[in-house]
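This report concerns the aromatic rings of one protein model and their surroundings. The sequence and structure are shown first.

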Amino acid sequence: MAEEKTAICIVDHQVHMAYDGSFLSNLETGTRNLIKADYPKAKVTDFICDHHLLKYQLTRVDGMINSDMKQTKKINRRLTKAMQSDDYDIVDVNDSLKKSLTFGQRVSDAVARFGGSWGFIFIFIFVLVAWMIVNALSLFGVHFDPYPFILLNLALSCIAAIQAPIIMMSQNRAADRDRMNSENDYHVNLKSEHELRILHAKLDNLTQNELPHNLEIQKLQIQILGQIRNELDDLQANQELQNTSKSDHQTRE
Ligand SMILES: [Zn+2]
């Protein structure tokens with residue numbers, strides 16, 4: 001049988017076959033750091049047997065899972081807090097404006113609405129034309145405002161003078177509505193931006209920590225499976241050796 005390479009385990013200083021363990025240089029940095037924490041003098045050329053390595057690999061897996069869970073919990077807590085924080089109540093603009101309207105404001109709104117419609121223009125033209133025809137032709141014997149309709153002029157001036165401030169009042173209220181709307185928008189935007197920021201942090205944590213950790217855990221699991229397979233093979237070989245020696249013994253008897 002060819003001379004097999006042997007090595008000495010750093011933990012219990014027993015001699016092992018080289019394939020029954022790993023050199024520190026072949027280990028993951030995380031696992032290696034755990035071993036170095038227990039054996040500060042360990043070098044990368046040192047050897048550790050599978051049996052003792054398993055403990056460090058399991059500790060490493062445990063540590064990664066715990067730190068990931070802690071980080072995820074922390075981010076989730078921040079997100080929940082951000083979503084629950086409603087330091088600003090969204091105002092129903094129409095509702096609150098409607099409730100706060102005085103009688104005068106409601107009248108001014110109605111006048112402005114009517115003054116800005118086609119119906120108003122048609123009625124107005126009809127009244128003007130009727131006024132002029134009645135007075136010019138003296139229909140029904142009525143001619144209280146003969147040509148050039150000075151009284152009509154006065155009436156029109158009065159209507160224009162009153163209508164202007166009424167429309168302005170109504171416009172002020174439209175500006176109020178816009179201001180409240182934009183205030184609502186501002187606060188909603190602020191909140192969504194905050195939530196988006198936390199979601200970004202969550203995604204970053206997922207791609208930068210959890211995913212690489214998962215891959216490393218899978219790698220460690222495969223290594224541990226390989227170690228178990230090796231030990232099984234050893235056991236089987238021993239069993240066969242025992243069986244053959246037993247049957248040798250029986251045939252000799
Ligand atoms: Zn050992």
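Is Y147 buried or exposed? Y147 is exposed, with a relative accessible area of 70%; buried means under 20% relative accessible area, exposed over 50%, and partly exposed in between (1.4 Å probe, protein chains only).

The model is predicted: local features need pLDDT of at least 70 and side-chain atom pairs count only at pLDDT 80 or more, while totals for chains, interfaces and linings use all residues. Residues are numbered from 1 along each chain as its sequence is written, and side-chain values use heavy atoms, with hydrogens and water left out.

The structure holds six aromatic pairs. Rings of Phe, Tyr and Trp (its six-membered ring) pair if their centres lie within 6.5 Å; planes under 30 degrees apart count as stacked, over 60 as edge-to-face and the rest as tilted. Two of the pairs are set out below.

| Pair | Centre distance | Plane angle | Class |
|---|---|---|---|
| F23 and F47 | 5.3 Å | 65° | edge-to-face |
| Y147 and F149 | 5.7 Å | 80° | edge-to-face |

F23 lies in strand 3 (residues 21-23) and F47 in strand 4 (residues 47-49), so this pair ties together parts that are 24 residues apart in sequence. Strands (E, at least two residues) are DSSP runs, numbered from the N terminus. F23 is partly exposed at 25% relative accessibility, whereas F47 is buried at 2%. In the other tabulated pair, F149 is buried, with a relative accessibility of 11%.

Elsewhere, F114, F120 and F124 form one aromatic cluster. The charged end of K55 sits over the ring of Y56, 4.8 Å from its centre; this description requires NZ of Lys or CZ of Arg within 6 Å of the ring centre and within 35 degrees of the ring normal.

How values were computed: Helices (H or I, at least four residues) and strands (E, at least two) are DSSP runs, numbered from the N terminus.
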